[in-house]
Amino acid sequence: MLALMGIPTKPLIALELRWLSLKKRAQHHYVANMKISTRFLLMLFIALGIVFMSVYQPGHLFGMEFEVRVINGFSNNSSLPLVIWCISQQDGDMGGRALQEGDDYGWRLKTNIWGNSHYLCTLKWDAKRRSFDAFKVPRDSQRCAPLNKCSWLVKEDGFYFSSDEVNWKKDFSWF
């Protein structure tokens with residue numbers, strides 16, 4: 001139709017092809033820059049996340065240290081010791097101890113990066129026997145704060161927990 005009106009079509013076609021070529025190059029350049037920008041932003045957010053965790057919550061990145069103690073709180077068991085045996089996924093079999101009245105058994109631990117550190121102890125006194133979680137990350141990482149100390153006082157009527165060894169709360173009974 002343009003040819004009928006006396007307008008040459010070859011220069012218009014060449015101009016349109018050139019414009020399409022420039023448009024395609026600009027789109028390719030934009031997409032390439034967008035990929036680089038997305039990668040850069042992703043790396044920046046990951047780096048900022050690592051910095052934030054290491055500054056504000058270093059325990060979650062590098063493992064938190066805790067002290068765990070189990071204390072024989074019986075009032076009169078001089079003839080029968082409280083026998084304790086503990087194991088963990090990290091340290092394996094930690095061995096057994098016989099605790100006389102007032103004695104304690106304690107250890108230090110560092111949580112793993114997956115947050116599943118778990119220490120299981122079995123206690124026996126006379127005919128009573130009970131296994132319990134002396135330390136388990138989901139339960140104890142907050143309640144042992146701010147001193148990162150988890151203490152257990154074992155008495156005739158049950159097991160008492162404290163994070164400061166001043167305020168004791170009964171957690172459970174022998175049976």
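Leu120 stands opposite Asp133 in strand E6 of this predicted model. The strands involved are E5 and E6, which run antiparallel and are joined by eight bridges. E5 covers residues 118–125, and E6 covers residues 128–136. Two residues lie between the strands of this hairpin. Asp126 in the hairpin takes a positive phi near 55 degrees.

Ser117 sits in the loop between strand E4 (104–110) and E5. Is Ser117 buried or exposed? Its relative accessible area is 1%, so Ser117 is buried. Leaving out residues up to four places away in sequence, Ser117 touches Gln90, Lys110, Thr111, Asn112, Phe135, Lys136 and Val137. One of these, Phe135, falls within the range of E6 (128–136).

Now the wider layout. The protein chain has three helices and nine strands. Along the sequence the pattern reads α-α-β-β-β-β-β-β-α-β-β-β. Of the 175 residues in the protein chain, 29% are buried. Among contacts with a separation of 6 or more, 49% are between residues 24 or more positions apart.

The largest nonpolar core has 28 residues. Trp107, Leu123 and Phe132 have the most contacts inside this core. Eight strands each supply at least two residues of the core: E1 (65–72), E2 (82–88), E3 (92–99), E4, E5, E6, E7 (149–155) and E8 (158–162). Which strand gives the most to the core? E5 does, with four residues. In general, the side chains of a regular strand alternate between the two faces of the sheet.

Not counting residues up to four places away in sequence, Trp107 touches Phe66, Glu67, Val68, Cys86, Met94, Tyr119, Cys121 and Ala134. Two of those partners, Cys86 and Cys121, are bonded to each other.

That brings us to the disulfides. The structure holds two disulfides. Cys86 is joined to Cys121, with an S to S distance of 2.0 Å. This pair links distant parts of the chain: Cys86 is in strand E2 and Cys121 in strand E5, 35 residues apart. The link of Cys86 and Cys121 is right-handed, with 105 degrees about the S-S bond. How accessible are the two ends? Cys86 is buried, with a relative accessible area of 0%. Cys121 also counts as buried, at 0% relative accessibility.

The other disulfide joins Cys144 to Cys150, with an S to S distance of 1.8 Å. Why is this disulfide right-handed? The torsion about the S-S bond of Cys144 and Cys150 is about 120 degrees, so the disulfide is right-handed. Both Cys144 and Cys150 are buried. With the bonded cysteines numbered in sequence order, the pairing is 1-2, 3-4.

Aromatic rings come next. The count comes to twelve aromatic pairs, taking ring centres within 6.5 Å as the rule. One of them is Phe74 with Trp174. Their ring centres are 6.3 Å apart and their planes stand at 45 degrees, so the pair is tilted. This pair also links distant parts of the chain. Phe74 is in the loop between E1 and E2, while Trp174 is in the segment after strand E9 (169–172), 100 residues apart. Both Phe74 and Trp174 are buried.

Tyr105 and Trp107 form another tilted pair, at 5.3 Å centre to centre and 45 degrees between the planes. Tyr105 is buried, with a relative accessible area of 7%. Trp107 is the residue already met among those with the most contacts inside the core.

Which residues form the aromatic cluster? Phe74, Trp125, Phe132, Trp152, Phe159, Phe161, Phe172 and Trp174 form one cluster. The cluster thus takes in both rings of the Phe74 and Trp174 pair. Phe132 belongs to the cluster, and Phe132 is also among the residues with the most contacts inside the core.

Finally, charges over rings. The charged end of Arg143 sits over the ring of Phe161, 3.8 Å from its centre. Phe161 is itself one of the cluster residues. The charged end of Lys155 sits over the ring of Tyr160, 5.2 Å from its centre.

Note on methods:
Residues numbered from 1 in each chain as written. Predicted model: local features only at pLDDT ≥ 70, side-chain atom pairs only at ≥ 80, totals over all residues. Heavy atoms only, no water. Buried < 20%, exposed > 50% of the residue type's maximum accessible area, 1.4 Å probe, protein only. Contact = heavy atoms within 4.5 Å. Core = buried A, V, L, I, M, F, W, Y, C linked by side-chain atoms within 4.5 Å. Pairing = 2+ DSSP bridges. Disulfide = S-S within 2.5 Å. Phe/Tyr/Trp six-rings, centres within 6.5 Å; stacked < 30°, edge-to-face > 60°. Lys NZ or Arg CZ within 6 Å of the ring centre and 35° of its normal.
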